[in-house]
Amino acid sequence: MKKSSTTYEELEKISHDALGGLVRPQALGFVLSALDMSLRGLRQRRHITGKELCMAVQTLAVREYGLMAREVLNAWGIDSTETIGRIVFALVDAGKMSKTDEDTPADFERVFNFDEAFSPTAVLKAARDLRSRARRKST
């Protein structure tokens, strides 16, 4: 019986084999977590676009790491939305994610600029927006 979750060893192998070890296994797990967060946020299950997944990575990074988000992502080897795309396609090739025939690495090109998206001003604004949304949901 195949495990339903991806183990660290599997992510390590994908990181090494498909991405040349330039991206840490934690980065792959983080992208999978962002995908899961995106899917849980939908009213009806559907395909998540490359842009939506990049935005989910940004949101999750801000939520989990706040002002340290950029440093954490960089330490794992995520330095651009194009890198998120390379991770996604490595996970697709490994059978850990799926894609449509229309999905391409170009879907991840220049979705946002990391310097701008993870600047202290942008992170603090995003954190305020997340808190505001959470308060609206709870009422």
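Arg 110 sits in the loop between helix 5 and helix 6. The model is predicted. Its largest nonpolar core has 43 residues. Its largest pocket holds about 720 Å³ of space.

**The loop residue**

- Arg 110 has a positive phi of about 50°, although Arg 110 is not a glycine.
- Arg 110 counts as exposed because its relative accessible area is 66%, over the 50% cut-off.

**The nonpolar core**

- In soluble globular proteins, nonpolar side chains tend to be buried together.
- In the largest nonpolar core, the residues with the most contacts inside it are Leu 28, Val 31, Ile 84, Ile 87, Val 88, Leu 91 and Phe 118.
- At least two residues of this core come from each of helix 1 (8–19), helix 2 (25–40), helix 3 (50–65), helix 4 (69–76), helix 5 (81–93), helix 6 (114–117) and helix 7 (120–138).
- Helix 2 gives the largest share of this core, nine residues.
- Leu 91 touches Leu 11, Ile 14, Leu 28, Val 31, Leu 32, Lys 96 and Met 97, leaving aside residues up to four places away in sequence.

**Helix 2**

- Helix 2 has 16 residues. From first C-alpha to last, helix 2 reaches 23 Å, close to the 22 Å expected at 1.5 Å a residue.
- The buried residues of helix 2 are Pro 25, Ala 27, Leu 28, Phe 30, Val 31, Leu 32, Ala 34, Leu 35, Met 37, Ser 38 and Leu 39.
- Helix 1, helix 3, helix 4 and helix 5 are among the elements that cover these buried residues of helix 2.

**Helix 5**

- Helix 5 is largely enclosed by the rest of the structure, because 10 of its 13 residues are buried.
- These buried residues are Thr 81, Thr 83, Ile 84, Gly 85, Ile 87, Val 88, Phe 89, Ala 90, Leu 91 and Val 92.
- The buried residues of helix 5 pack against helix 1, helix 2, helix 3 and helix 6.
- The end C-alpha atoms of helix 5 are 18 Å apart, which agrees with the 18 Å that its 13 residues should span at 1.5 Å a residue.
- Gly 95 follows helix 5 and has a positive phi, near 80°.

**The largest pocket**

- Rolling a probe the size of a water molecule over the atoms shows where empty space is left.
- The largest pocket has about 720 Å³ of space, and 20 residues line it.
- Met 37, Thr 59, Arg 63, Leu 130 and Arg 133 lie nearest the centre of the largest pocket.
- Helix 2, helix 3 and helix 7 are the elements that give two or more residues to this lining.
- The lining of the largest pocket has 10 nonpolar, four polar and six charged residues.

**The second largest pocket**

- The second largest pocket has a volume of about 290 Å³.
- This pocket is lined by 18 residues. Leu 35, His 47, Ile 48, Met 97 and Ser 98 are the closest to its centre.
- The elements giving two or more residues to this lining are helix 2, helix 3 and helix 5.
- Helix 5 supplies the largest share of the lining of the second largest pocket, three residues.
- By class, the lining of the second largest pocket has nine nonpolar, four polar and five charged residues.

Key: Residues numbered from 1 in each chain as written. Predicted model: local features only at pLDDT ≥ 70, side-chain atom pairs only at ≥ 80, totals over all residues. Heavy atoms only, no water. Core = buried A, V, L, I, M, F, W, Y, C linked by side-chain atoms within 4.5 Å. Buried < 20%, exposed > 50% of the residue type's maximum accessible area, 1.4 Å probe, protein only. Helix = DSSP H or I, 4+ residues; strand = E, 2+ residues; numbered from the N terminus. Contact = heavy atoms within 4.5 Å. Expected span 1.5 Å × (residues − 1). 1 Å grid on protein atoms, 1.4 Å probe; cavity = no way out; pocket = protein on both sides within 12 Å on 5 of 7 lines; lining within 4 Å. Points joined across faces, edges and corners; volume = space filled by probe spheres on them. Nonpolar A, V, L, I, M, F, W, Y, C, P; charged D, E, K, R; others polar.
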